[in-house]
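The following note concerns a pocket and a group of paired strands. The points are set out for a colleague reading with the coordinates open.

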Amino acid sequence: MRACVLQAMSDDEQDWLALRPQEPSPSQCCGSGCKPCIYDVYEKELAQWERAKAMRDKSLLMGKKEESNNSELNPDTFTAFSVSSVEQLTEDTYQYRFELPGNSSLRLSLGQHIVLRGVMNGLEVQRAYTPISPRNAEGYFEVLIKCYEAGLMSQYIKTWKRGDVVFWRGPFGGFPYEPNKHGELLMLASGTGLAPMIPILQSITDDEEDETFVTLVGCFPTFDKIYLKPLLQDLARYWNIRIFYVLSQETSLEKLPQSYQENTYTGHLDEDLMKTIINSCRRKPFVLICGSSAFNEDMSRYLKAAGIEENSCFVF
């Protein structure tokens, strides 16, 4: 009889252990300072599990949800969205469009990012991406993603095709932009660091009352690897928008289209070129930076040398 009771207790303990939330692995954290972070969600679920276990009441766990299918973005849970189109922009970069029900919108603030969850080879990975679609886009949102040869998330993303369902949560972060607050914005973007700049640019050009000047500097390896050329050309037609390109692997501008030669530099965006661009700004700029950690550190150092104070910069 006593053995049966002990066996029952053991089975019950095993049931509770099976319900215990699993601690995230480092690969599940996107590293973007999200609130709540995946670890914050884990701590919340662990406390809920411990409370339910102490009261021996599994019904207290029924409210726990990791995924949702209601197509409303949520920072705490992953929501399913369907891929509606895939467009290859360069050899390793793609523009993905996701469906939203009816004429609904993500309602993101400017520059906010969302977190993607992927599973590859049994390992869960999470990465942050900034939608490039306009804030008022209805029925869809778009994301610019560069795929890396050895990246786990990239391997997962490369399998996407129209109709596939993937999971996002958010939004997080963002730049607290206010029309006409800054005389001029200087945007320094490397590669897909262009993504958070696009919604801000579109917000300015869509608002006839916003007279903010913008200088965007996009850093890419070659002319062929510049993303979203048609969109950037359209934006550059506005009276208050200037766009420069810095191409690190181009040695000459002669092969570039004539329309690009006057506003393109070869080599790297270094301290001297930074000073040249800042001196060409029409007003003292507030600077937005987005790229790799090395790019962000270099830009911050060059800006300091050019006399731009730290409180006049925002790093995505």
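**Notes on the predicted model**

1. The largest pocket holds about 1,300 Å³ of space. Its lining comprises 50 residues, and those closest to the pocket centre are S190, T192, G193, G291 and S292. The model is a predicted one, and the count of lining residues draws on all residues, whatever their pLDDT.

2. Several secondary-structure elements contribute to this lining. At least two residues of the largest pocket's lining come from each of the strands β5 (123-129), β6 (140-146), β9 (213-220) and β13 (313-315), and likewise from each of the helices α3 (152-157) and α8 (293-305). Among the contributors, α8 gives the most, namely six residues.

3. Turning to the strands, β2 (residues 78-88) is joined to β3 (residues 93-99) by five bridges, and the two run antiparallel. Four residues lie between β2 and β3, which together form a hairpin. Within this pairing, Q88 is set opposite Y94 of β3.

4. Strand β2 also pairs with β7 (residues 165-173), again in the antiparallel sense, over four bridges. Here F81 has V166 of β7 as its bridge partner.

5. For reading the side chains of these strands, a general point applies: in a regular strand, side chains alternate between the two faces of the sheet.

Key: Residues numbered from 1 in each chain as written. Predicted model: local features only at pLDDT ≥ 70, side-chain atom pairs only at ≥ 80, totals over all residues. Heavy atoms only, no water. 1 Å grid on protein atoms, 1.4 Å probe; cavity = no way out; pocket = protein on both sides within 12 Å on 5 of 7 lines; lining within 4 Å. Points joined across faces, edges and corners; volume = space filled by probe spheres on them. Pairing = 2+ DSSP bridges.
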